[in-house]
Amino acid sequence: MGSRWTWRALALPGVAWLTVFFLIAFYAVLCVAFGNQDSLSQPVPFWNPLDWNVGYFLSVMHDIFHNGPFLTVFIRTIVFVVIAMALCLVVGYPVAYFAARHAGRWKGLVLVLLIVPFWINYLMRMLAWINLLSPGGWGTRILHGLGIEWIFLHLGLLSNPGGWLDGQQSTVILALVYGYIPFLILPLFAALDRIDQRQIEAARDLGASSFSAFLRVTLPLSVPGILAGVVLVALPMFGDYYTPDLVSASTKTNMIGNQIDEFTRQGSEKVSGAVLTILLSLLLLVLMAYYLRTTRRAGQEAGAEG
Amino acid sequence: MSVFRKAFYWLRNPWGKPRWLAIITILYILWSIVPVAIAILFAFNHGRSRTTWQGFSFEWFTGPTGSVLHDPDLQGALKHTLFLAVICVLLSVPLGVTLALGLQRWRGPGSGTINTVMLLPLVTPEIVMGVALLILFLDVFPGFGLGTRAQAIGQVTFTLSYVVVMVRGRLVSIGPEYEEAAADLGAPPRDQLRRVLLPLLMPAIIASAAVAFALSIDDFVVTQYLSGDASTTTVSMLLYASARGAPTPALNALATVSLVITFATLGLAFFLYRKIAGGSGSDTAQVAAMEV
Amino acid sequence: MLGEIRIAQLTKAFGEVVAVDNIDLDMPPGEFFTMLGPSGCGKTTTLRMIAGFERPTSGQILLDGSDVAQVPPHKRSVNTVFQSYALFPHLDVAGNVAFGLKYRKLTKEERRRQVAEVLELVQLTGFEHRKPSQLSGGQQQRVALARALILTPRVLLLDEPLGALDARLRKDLQVELKALQRDIGVTFVFVTHDQEEALTMSDRLAVMRNGHVEQAGSPRDVYEQPKTTFVADFLGVSNLLEVESIGPDGNGCALRLGERMFRAEQGDTTARGQLKAMIRPERIVVEKHKDGADGDNRLPGMVEHAVFLGGSYEVHVRIVGGEILKVTVANEGSSLKFGLDQGTPVTLHLPPDALRVLEPDPEPPPEPSEEDAEAEPAAV
């Protein structure tokens with residue numbers, strides 16, 4: 001149906017674009033990370049891999065492994081992401097479950113309402129919370145009135161009354177949850193929606209209670225979907241810098257993204273910034289590889305059983 | 001029965017669907033949408049406060065000073081955002097459609113690699129892309145510089161993958177049969193594409209254009225990283241910069257306008273999609289099951 | 001317009017898998033030719049090669065004498081009706097039917113006239129402006145036919161076109177298609193896995209299996225004189241018996257079945273040794289059981305059960321040795337000479353001119369479930 005090369009030729013422009021503006025761009029990061037820095041603190045990239053200079057890379061690694069500030073930032077980021085992800089799952093799974101399995105005639109409407117936050121500008125959503133949590137804002141007042149502020153103060157999650165936007169770690173985590181949970185709910189929904197109702201009915205038929213059927217049939221079957229959603233959300237969350245910036249103006253809540261942003265866009269130390277970017281990418285690569293391996297193995301097991 | 005007992009039994013209904021799931025979902029949806037609704041509400045506030053309601057007014061949208069319509073900064077940001085969005089669609093859709101077609105029909109080595117490379121931007125955090133493109137435009141092509149050109153390129157680079165994925169999905173469901181039928185009836189390969197494949201692909205192309213548009217409008221990181229001087233500020237960047245200051249509700253108004261544009265585009269595309277695909281989307285095999 | 005196809009040593013391999021293995025077929029012009037076989041036998045691949053959607057690995061496809069194997073599909077004067085019809089969803093019926101006419105220099109009027117003509121041929125006049133999604137399966141199939149026939153091809157290829165329709169509609173369309181072919185005289189090359197369909201419609205057919213042609217000929221010939229057990233079993237119902245051929249007997253051979261001797265006059269009567277013999281259910285004669293039942297070519301049996309098929313019974317009789325023979329007994333009202341209740345003893349007469357010696361099957365028989373599924377006649 002037309003020679004092979006006509007079709008391949010069609011793909012060429014797109015491929016060329018991605019090669020230059022994605023692959024080469026990333027290669028450039030490597031060249032800067034393994035490059036040098038001139039007297040004006042401007043990077044001097046080394047294009048030839050054979051020339052690569054591991055000096056700056058090593059110094060960053062040294063900082064990390066010898067308890068420098070980078071280590072703190074890395075650990076803090078991981079903690080934030082893990083907690084935020086857990087909260088996302090705790091809230092998101094029941095919602096996705098409801099939407100997929102129990103929404104009945106409301107399913108369409110619920111789905112639309114779940115998709116809507118996707119298309120609202122992320123910054124607008126954060127802006128909304130900044131409004132609400134500012135001193136005198138409706139959110140601050142409600143949290144105070146409901147006693148939630150009191151709880152947070154006493155658990156040490158809030159440092160001073162009404163200071164929600166003053167460098168609070170809890171605010172950052174909750175903001176991350178607010179921001180990213182829609183991106184988790186949809187893959188969860190898709191996975192739960194795909195589960196065959198008949199398998200659950202079979203379990204009930206064999207005597208399992210409703211909860212037990214959930215635990216032993218639905219939950220395990222939804223694990224691939226959970227993994228997919230978690231990975232899909234964790235990747236951008238790790239690179240987030242604007243959320244802490246918006247809801248907490250303090251360096252106490254800096255994540256890796258903030259550090260990279262400071263070094264690169266704000267120009268202070270581009271080479272270190274590039275190194276951190278590489279490290280972040282490596283971390284994410286590990287996550288992706290782990291995800292791919294578990295899904296492949298899960299696929300094989302499912303195939304063997306099926 | 002007292003109200004409390006009634007409520008208790010309603011909650012504990014063993015045969016019905018779990019009520020608490022419904023409650024959680026409703027609460028979540030409210031939590032998800034209400035803050036934004038409030039922000040939109042205050043765009044219509046009569047007065048400078050963003051936390052105290054002072055009456056209804058359009059002043060922040062159309063008022064003589066400081067409104068979206070008349071404030072040069074807000075205007076500029078809105079115009080620039082829309083400009084970038086249009087450029088993004090004009091570039092990413094053709095690139096994406098051709099890439100999807102080429103990738104789908106590519107038989108042989110290389111397709112797997114290209115497929116992976118195409119998918120990578122979807123899972124790459126924007127900051128990584130931002131840093132990479134920053135370095136590309138400053139150090140690899142020194143003199144290229146940042147600004148509108150760079151922003152457009154950055155946006156196209158990540159929306160491209162969305163277009164490819166959407167178009168390819170549709171390609172797969174279309175299958176090779178229609179083109180084979182066209183060839184069988186005498187159509188040379190170019191006509192197979194023009195008379196059969198592209199019309200069938202149109203709904204997906206429209207949908208992906210709308211998605212590219214919306215993604216561009218809402219984009220922040222890459223756009224910020226590649227911005228040059230103040231004239232390259234977009235709505236997202238303005239929101240970011242002003243959020244913690246003491247902005248007027250004009251900011252809310254700007255965000256609302258941007259939101260309305262996004263949803264209008266998506267809504268329009270959705271209806272276009274339904275209209276085109278509705279008359280042609282039915283699978284022939286499905287209909288064949290419906291007998292005389 | 002001739003429309004003769006000759007296939008010479010045609011092979012198609014997909015990597016390691018050989019879908020079509022060096023086959024030769026003759027499809028005379030103006031005839032209804034069917035390729036029949038279970039899924040995976042290579043019939044569809046062969047059809048696609050004739051159409052031009054697959055390029056042969058080697059061999060020739062001669063259309064009226066010239067080899068078209070390397071000619072792209074849009075240049076062959078051969079048209080196809082696809083299994084799923086592949087009607088263009090974005091065009092209406094007239095648009096679909098007139099699609100190929102664009103490549104002929106015709107005026108708009110001419111085009112409209114030809115479309116109307118061919119729609120009348122398939123009995124769809126008035127449907128010009130309907131969309132495919134508004135048509136039933138049978139109607140879609142006719143549009144697909146019209147779309148192909150309007151181009152007056154030399155050969156029309158049909159890839160299991162009736163597969164998606166229900167049984168009643170299928171039977172009606174079988175008759176219609178056959179009549180249509182006879183009317184217009186175009187060579188039809190038909191692919192199906194439904195043996196009843198093939199028997200009903202074809203002038204000639206070829207039974208295929210695993211990329212080979214097992215046997216080709218007229219339906220009657222292939223049905224009554226199958227060469228292998230596969231063909232015997234695939235077309236219609238057959239009873240297969242494990243026998244030993246001892247030596248010649250009259251104008252046939254002597255077969256030993258258990259402790260009894262039979263004479264067989266069909267098939268390869270010169271073969272000796274352990275063989276299979278075949279007899280069709282409608283040729284076995286059921287007689288009332290007489291103790292010491294004897295006579296040539298007779299054996300005793302006991303009725304297992306009788307399946308009522310409306311016009312006849314399919315009686316399953318268990319014979320000595322434990323095998324079950326299927327016998328067709330016409331439904332003559334209540335005047336049967338014997339009962340058909342379970343346990344009734346009967347005598348089965350296997351006439352020598354209906355008893356056929358088969359070639360030993362070179363390949364191991366496929367999974368029973370597959371075979372049964374494929375050989376089952378269309379459910380009523």
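## Two domains in chain B

Eight residues of domain 1 of chain B are in contact with seven residues of domain 2 of chain B. On the domain 1 side, helix α2 (residues 19–43) of chain B gives the most, with four residues. By class, that side of domain 1 of chain B has five nonpolar, one polar and two charged residues. This is a predicted model.

Where do the two domains run? The domain assignment of chain B places domain 1 at 3–60 and domain 2 at 71–279. Taken over C-alpha atoms, the centres of domain 1 and domain 2 of chain B are separated by 33 Å.

## A helix pair in chain B

Packed helices are described by two values: the angle between their axes and the distance between the axes. For helix α8 (residues 177–184) and helix α9 (residues 189–218) of chain B, the angle is about 150° and the axes are 9 Å apart. The crossing of α8(B) past α9(B) is right-handed.

Which residues meet here? From α8(B) come Tyr178(B), Glu179(B), Ala182(B) and Ala183(B). Their partners in α9(B) are Asp191(B), Gln192(B), Arg195(B), Val196(B), Leu197(B) and Leu200(B). The residues of this contact of α8(B) with α9(B) divide into six nonpolar, one polar and three charged.

## Chain A in outline

Chain A has 13 helices and two strands. Its C-alpha trace spans about 75 × 70 × 35 Å along the principal axes. Of the 306 residues in chain A, 42% are buried. Among contacts in chain A with a separation of 6 or more, 63% come from residues 24 or more positions apart.

## How the chains meet

Two pairs of chains are in contact, and chains A and B share the most contacts. Chain A and chain C do not touch. The nearest C-alpha atoms of chain A and chain C are 8 Å apart.

How many residues does each chain bring to the contact of A with B? Chain A gives 70 residues and chain B gives 67 residues. Several helices of chain A each supply at least two residues to this side, including α1 (4–33), α3 (69–102), α10 (210–238) and α13 (270–305). The largest share, 19 residues, comes from α1(A). By class, the side of chain A that touches chain B has 51 nonpolar, 14 polar and five charged residues.

## Nonpolar cores

In soluble globular proteins, nonpolar side chains tend to be buried together. Here, the largest nonpolar core has 159 residues. Those with the most contacts inside this core are Val29(A), Ala33(A), Ala132(B), Leu133(B) and Ile135(B). Helix α3(A) gives the most to this core, with 16 residues. Why does the core lie between the two domains of chain B? Domain 1 (3–60) and domain 2 (71–279) of chain B both give residues to this core, so it lies between them.

Leaving aside neighbours within four places in sequence, Ala132(B) is in contact with Ala25(A), Phe26(A), Ala28(A) and Val29(A). A second, separate core has 105 residues. Val186(C), Met201(C), Val231(C) and Val317(C) are among them.

Chain C is divided into domain 1 (5–224), domain 2 (236–279 + 352–380) and domain 3 (285–349). Over C-alpha atoms, the centres of domain 1 and domain 3 of chain C are separated by 43 Å.

Leu145(C) lies in helix α4 (residues 137–149) of chain C. Is Leu145(C) buried or exposed? Leu145(C) counts as buried because it has 25 C-beta neighbours inside 10 Å, and the cut-off for buried is 20 or more. Not counting residues up to four places away in sequence, Leu145(C) touches Val81(C) and Val122(C). Leu145(C) and Asp166(C) are 21 residues apart in sequence and 18 Å apart in space, C-alpha to C-alpha.

Leu165(C) sits in the loop between β7 (155–159) and α5 (167–184) of chain C. Leu165(C) is buried, with 22 other C-beta atoms within 10 Å. Leaving aside neighbours within four places in sequence, Leu165(C) is in contact with Gly137(C), Gly138(C), Arg170(C) and Leu173(C). Leu165(C) and Ser136(C) are 29 residues apart in sequence and 9.8 Å apart in space, C-alpha to C-alpha.

Technical notes:
Residues are numbered from 1 along each chain as its sequence is written. Chains are lettered from A and ligands numbered from 1 in the order in which they are written. This is a predicted model: local features need pLDDT of at least 70, side-chain atom pairs count only at pLDDT 80 or more; totals for chains, interfaces and linings use all residues. Ala, Val, Leu, Ile, Met, Phe, Trp, Tyr, Cys and Pro count as nonpolar, Asp, Glu, Lys and Arg as charged, and the others, Gly among them, as polar. A nonpolar core is a set of buried Ala, Val, Leu, Ile, Met, Phe, Trp, Tyr and Cys residues joined through C-beta atoms within 7 Å. A residue is buried if 20 or more other C-beta atoms lie within 10 Å of its own, exposed if 12 or fewer, and partly exposed in between; C-beta atoms are placed from the backbone. Domain bounds come from an automatic or database domain assignment. Axes are lines fitted to C-alpha atoms, for helices over the stretch in contact, and angles run from 0 to 180 degrees between N-to-C directions. A crossing is left-handed if the near helix is turned anticlockwise from the far one by less than a right angle, and right-handed if clockwise.
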